[in-house]
Amino acid sequence: MPTDELKRNADQYLMGTYARQPISIVRGRGTKVYDLEGREYVDFVGGIAVNILGHAHPDLVLAIQKQAAQLIHTSNLYYTQPQAKLAQMLVDHSFADQVFFCNSGAEANEAAIKLARRYSHEKYGAGRFEIITMKQSFHGRTMATLTATGQAKVQKGYEPLVPGFTHVTFNHLIELEQAVTEKTAAIMLEPVQGEGGVHVASPDYLKAVRDLCTQRDILLIFDEVQTGMGRTGTLFAYEQLHVHPDIMTLAKGLGGGVPIGACLATAPVAKAFGPGSHASTFGGNPLACAAALAVLRVLLEGRVLDHARRMGEYLSKGLSECKERHHNVRDVRGLGLLQGMEVEIDAKTVVGDCLKRGLLINAAGERVLRFIPPLIITQAEIDRLLEVLSQIFDRHAAHAAH
Ligand SMILES: Cc1ncc(COP(=O)(O)O)c(C=O)c1O
């Protein structure tokens, strides 16, 4: 179906929740995707921080093919090898002792919120259920996770929201300390806020938050849905920030494109989830877990992570140099291959300009360009991005001058 017709069809039959770019992507390989008309795009979006090994990675494709031919799904009424193996590998390489699998980031955060409430309920009784989260955060689109999300635009029209959430300013310790009450069960945050405009938590702040949580037996939840699985240059962002959470959520990169989410916790916390306390029909099914195992094995082998760390530094340096040269760039922030550039022009316009020049990039809010490519992105591709951005900023500056 030609792209124009596809667009008309999709707009007629799909609910209008997304503002899509006017291209139809039909295939991908490595760091590139191709549209119906055969145009090539370098992918600095990576399915919104999902395709960490790029497109059609041979190990991932083979793992999915093999598992699909053997057993796709059977439910959590039974044991399956890929699920147990994946849980063990995640535990072996993180602070956590146990894992609950689900299918998305929102679901992983739902699980984390439920686990925190249940832990607190069992230990302290009914009144201690509040969760403090951050302004500008993003935790998902279910009722509890959109309530946890500190952005009014995500909540608008869905009131009444779920009781028991308070939002405080990110990286502001005193405000957080003042928000803690005898009802506080958990503090939840992203080590790097992604959707909210790419803001990095300061290590000192995180350490103080950890100490506060430990003193008051408040659970610390890290939402690593976007930062996890090598995005920031280490398997999990918390490793670089020298602070362990009690609960961590993962999704996005975990399955390299196959939907899977996970909620990881320490043993004393995980104990609060007994049989029947939480569940998901598809959660951790053999196909998704086989995909995630393939992704994790590639990451643990080390070379992709080393490369991601180097490319993260290269991208960050290049964007900062670009900021020095262009007045319409206000700020560059990020960690590893999660980089944001705050601009003085409409971010969506820049996204459109990049698309026309064969680059997929993404906007996080009205003024922030976000770069979240596959971890296998190359130096030459980053150079091309920087060159294209420079041309776009020059053109906008020239227009503004007239
Ligand atoms: C930090 C964070 N948490 C949660 C989510 C929600 O994930 P999902 O869209 O898979 O439900 C996202 C999605 O962008 C995210 O960035």
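**A chain and its ligand**

The chain exposes about 18400 Å², and carbon and sulfur atoms supply 54% of that area. Accessible areas here come from the Shrake-Rupley method with a 1.4 Å probe, and for residues only the protein chains shown count as cover. The model is a predicted one, in which local features need pLDDT of at least 70 and side-chain atom pairs count only at pLDDT 80 or more, while totals for chains, interfaces and linings use all residues. Residues are numbered from 1 along each chain as its sequence is written, and side-chain values use heavy atoms, with hydrogens and water left out.

The secondary structure comes to 15 helices and 17 strands; these are DSSP runs numbered from the N terminus, with at least four residues (H or I) for a helix and at least two (E) for a strand. The radius of gyration of the chain is 21 Å, close to the 21 Å that the globule rule gives for 402 residues, so the chain is as compact as a globular protein of that length. This radius is taken over C-alpha atoms, and the globule rule is 2.2 Å times the number of residues to the power 0.38. Along its principal axes, the C-alpha trace spans about 65 × 55 × 45 Å.

Of the 402 residues in the chain, 55% are buried, meaning under 20% relative accessible area (1.4 Å probe, protein chains only). Among contacts (heavy atoms within 4.5 Å) with a separation of 6 or more, 71% are between residues 24 or more positions apart.

Next comes the ligand. There are 13 residues around the ligand, and Gly105, Ala106, Asp223, Gln226 and Lys252 come nearest; a residue is near if one of its heavy atoms lies within 4 Å. Helix H5, residues 105–124, gives the most to this shell, with 3 residues. A polar side-chain atom of aspartate 223 lies 2.7 Å from a nitrogen atom of the ligand. An N or O atom in the side chain of glutamine 226 is 2.8 Å from an oxygen atom of the ligand, and for a polar side-chain atom of glutamate 195 the distance to a ligand oxygen atom is 3.2 Å. The protein covers 81% of the 390 Å² of accessible area that the ligand has on its own.

Aspartate 353 counts as buried because its relative accessibility is 6%. Leaving aside neighbours within four places in sequence, aspartate 353 is in contact with Ile392, Arg395 and His396. With histidine 396, the side chain of aspartate 353 makes a side-chain polar contact at 3.1 Å. A polar contact is a pair of N or O atoms within 3.5 Å; within protein, one must be able to donate a hydrogen and the other to accept it, and residues adjacent in sequence count only if both atoms are side-chain atoms.

Key. Buried < 20%, exposed > 50% of the residue type's maximum accessible area, 1.4 Å probe, protein only.
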